[in-house]
Amino acid sequence: MSSTAGSRIVVTGATGNVGTSVVRLLSEDPEVGSVVGLARRIPEWSPPKTEWAAVDLASERADLSGHFAGADAVVHLAWAFQPTHDPATTWRTNVLGSLRVFEAVAAAGVPALVHASSVGAYSPGPKERAVDESWPTHGWPDAAYCREKAYLERALDIFERDHPGIRVVRMRPAFLFKRESASEQRRIFGGKYLPGPLARPDLLPFLPDVPGLRVQALHTDDAAGAYRLAARSEDARGPFNLAAEPPVDAELLGGMTGRRPVRLPRTAARSAIAAAWGLRLLPASPHLFDAVLRLPLMDCTRARAELGWRPVRTATEVLEEFLEGFQQGAGAATEPLRGRKVG
């Protein structure tokens, strides 16, 4: 892709947690001439140099090639987390929709595709050391999210083989948070029965410490910075791990909240989640909980060396900002990110 001013970049899923950060950074980049945001619903938000189009990736009638024509890069972020009780629905959007994106990129002759993979694509791995991008990406098969991310990794293997002239980048970020995403993520993972104002450390008698619950976090804006670098690069390709330090576990959360970690067996925690999910009180499935306990920690050396990327915020700062937004019902001027205080 040319690095001269006037680059045209298309972003799918442009109104969500990651999409809004990516669109904003691209719109502020003097080397980007225009940004095309694709989303199911056009937002009120109007950043500079940005045009919007209403597109549903689950629809076979979506004219993706027309939207991609003349683009220097496509950043594919669109993803549906719900309904977890109907994996066929998420498969239509996430997998079949992504395959339509890949096919349209090739049909429109777009020279670069930046795809949002995830730490969730990785096979179970260690919690005491970090793994690089060569770790297997077969996911955790019982969790729809991981299964779909892993399937698309294999689809991209074939896509790269068949289209060697297209530069393909696979971003594998850790869990992404920002203040404006708090209400959306409460709805996606906690559901309508989890009021934001109740997310207060002083209301917790103790902090559950579940074996294996050690993960990585990253500010969404920091992840967006990596997406911008990849989209504007001329030679970056392949997978990149993205995460901030330190890893998040009960000890870190205990220090942040002032609560005492208390060991809770995996079976007890999973049984409670499974019961709430089965009663449709909790959107997050026990299968995703199983996957989180097995995700490896990621080494981000490649992103630093080849993209020149480093996160600005620590994982602790990310969680502090997110929890504040969670309590306040923070959001943004797009349909997925609309703010809402409950309770």
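This is a predicted model: local features need pLDDT of at least 70, side-chain atom pairs count only at pLDDT 80 or more; totals for chains, interfaces and linings use all residues.

I begin with helix H1, residues 17–28, and helix H6, residues 220–232. Their axes lie 8 Å apart, and the two helices pack at an angle of about 55°. H1 is therefore oblique to H6. As to handedness, the crossing of H1 and H6 is right-handed. On the H1 side, the contact is formed by Asn17, Val18, Ser21, Val22, Arg24, Leu25 and Leu26; on the H6 side, by Thr220, Asp221, Ala224, Gly225, Tyr227 and Arg228. Sorted by class, these are 6 nonpolar, 4 polar and 3 charged residues.

The second pair is helix H5, residues 182–190, with helix H11, residues 315–328. Here the axes come within 8 Å and cross at roughly 80°. An angle between 65 and 115 degrees counts as roughly perpendicular, so H5 is roughly perpendicular to H11. H5 contributes Ala182, Gln185 and Arg186 to the contact, while H11 contributes Phe322, Gly325 and Phe326. The classes in this contact of H5 with H11 are 3 nonpolar, 2 polar and 1 charged.

Let me turn to the arginine. Arg170 belongs to strand E7, residues 167–173. Is Arg170 buried or exposed? Its relative accessible area is 5%, and the cut-off for buried is under 20%, so Arg170 is buried. The side chain of Arg170 makes a polar contact of 2.7 Å with the side chain of Glu153. Beyond its neighbours within four places in sequence, Arg170 also touches other residues, including His115, Leu156, Asp157, Glu160 and Phe240.

Thank you for your attention.

Notes
Residues are numbered from 1 along each chain as its sequence is written. Side-chain values use heavy atoms; hydrogens and water are left out. Axes are lines fitted to C-alpha atoms, for helices over the stretch in contact, and angles run from 0 to 180 degrees between N-to-C directions. Helices (H or I, at least four residues) and strands (E, at least two) are DSSP runs, numbered from the N terminus. Angles under 35 degrees count as roughly parallel, over 145 as roughly antiparallel, 65 to 115 as roughly perpendicular and the rest as oblique. A crossing is left-handed if the near helix is turned anticlockwise from the far one by less than a right angle, and right-handed if clockwise. Contact means heavy atoms within 4.5 Å. Ala, Val, Leu, Ile, Met, Phe, Trp, Tyr, Cys and Pro count as nonpolar, Asp, Glu, Lys and Arg as charged, and the others, Gly among them, as polar. Buried means under 20% relative accessible area, exposed over 50%, partly exposed in between (1.4 Å probe, protein chains only). A polar contact is a pair of N or O atoms within 3.5 Å; within protein, one must be able to donate a hydrogen and the other to accept it, and residues adjacent in sequence count only if both atoms are side-chain atoms.
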